[in-house]
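Take a look at the picture first, then read on.

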Amino acid sequence: MKIAIGNDHAAGELKPVIIDLIKELGNEIIDVGVAAGEAVDYPIPGEKVGRLVASGEADLGVLICGTGVGISLAANKVKGIRAAAVSDTATARLIREHNNANVIAIGARIVGSELAKDIIKTFLTTDFSGEERHQRRIDLISDVEERFGK
């Protein structure tokens, strides 16, 4: 799989750890974030990752900022993106199984590197359940996007 990754200045130290994990799992990386010590406003990499996933250039996206919230909000403005800020492995599994989330966001100031790796590994190795009730709810979300011109 191709995984798009983006981050802001709060996650410059964590990003290389996550990139190494993603590669160890056999995935390719599209890196649109910044290096440690560089600054960027989180909406910029959030949108970039969202667009890469929505266009199909990347299969899934990983975002990292201070809390994971701001960058996920930016990604969710891209039509077709279902991004969630996550701080535990159970939620990482459920956003894939139930919501077919295509972007995950984590907070570098919220979770340590080992937990971050567990969260990302869970997200990348979990598939959508395909259950009718979950697909119906995803379709309802897509309907909202269409009605409000996102």
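In which helix is Ser72 found? Ser72 is in helix H3, residues 69–75.

## Before we start

This is a predicted model, where local features need pLDDT of at least 70, side-chain atom pairs count only at pLDDT 80 or more, and totals for chains, interfaces and linings use all residues. Residues are numbered from 1 along each chain as its sequence is written, and side-chain values use heavy atoms, with hydrogens and water left out.

Helices (H or I, at least four residues) and strands (E, at least two) are DSSP runs, numbered from the N terminus.

## Ser72 and its surroundings

Ser72 counts as buried because its relative accessibility is 6%; the cut-offs are under 20% relative accessible area for buried, over 50% for exposed and partly exposed in between, with a 1.4 Å probe and protein chains only. A polar atom of the Ser72 side chain sits 3.1 Å from the backbone oxygen of Gly68.

Leaving aside residues up to four places away in sequence, Ser72 touches Ala83, Ala84, Ala85 and Ala105. Contact here means heavy atoms within 4.5 Å.

## The sheet

Five strands form an open sheet in the order E2-E1-E3-E5-E4, with parallel pairing. Two strands pair if DSSP finds at least two bridges between them. At the edges are strand E2 (28–31) and E4, each pairing on one side only. Neighbouring strands are turned by 20 degrees against each other on average, direction ignored.

Helix H5 packs on this sheet and touches E1, E3 and E5, with its direction at about 170 degrees to that of E5. For these angles, axes are lines fitted to C-alpha atoms, for helices over the stretch in contact, and angles run from 0 to 180 degrees between N-to-C directions.

What about strand E5, residues 103–107: how many of its residues are buried? Five of its five are. Val103, Ala105 and Gly107 cover one side, with Ile104 and Ile106 on the other, and all of them are buried.

Val103 is the bridge partner of Gly61, while Ile104 is that of Ala84. E4, helix H4 (residues 89–97) and E5 also make a right-handed β-α-β unit; right-handed means that, with the strands pointing away from the viewer, the path from the first strand over the helix to the second runs clockwise.

## Gly61 in strand E3

Gly61 lies in E3 and is buried, with a relative accessible area of 0%. Not counting residues up to four places away in sequence, Gly61 touches Ala4, Val49, Val53, Asn102, Val103, Ile104 and Phe123.

## The nonpolar cores

A nonpolar core is a set of buried Ala, Val, Leu, Ile, Met, Phe, Trp, Tyr and Cys residues joined through side-chain atoms within 4.5 Å. The largest one has 24 residues, and Ile18, Ile22, Val62, Ile64, Ile104, Ile120 and Phe123 touch the most other members. Strand E1 (2–7), helix H1 (15–24), E3, H4, E5 and helix H5 (113–125) each supply at least two residues of this core. H5 gives the most, with five. Apart from this core lies another, of 14 residues, including Ala58, Leu63, Ile71 and Ala75.

Methods
Polar contact = N/O pair within 3.5 Å; in protein donor to acceptor, adjacent residues only side chain to side chain.
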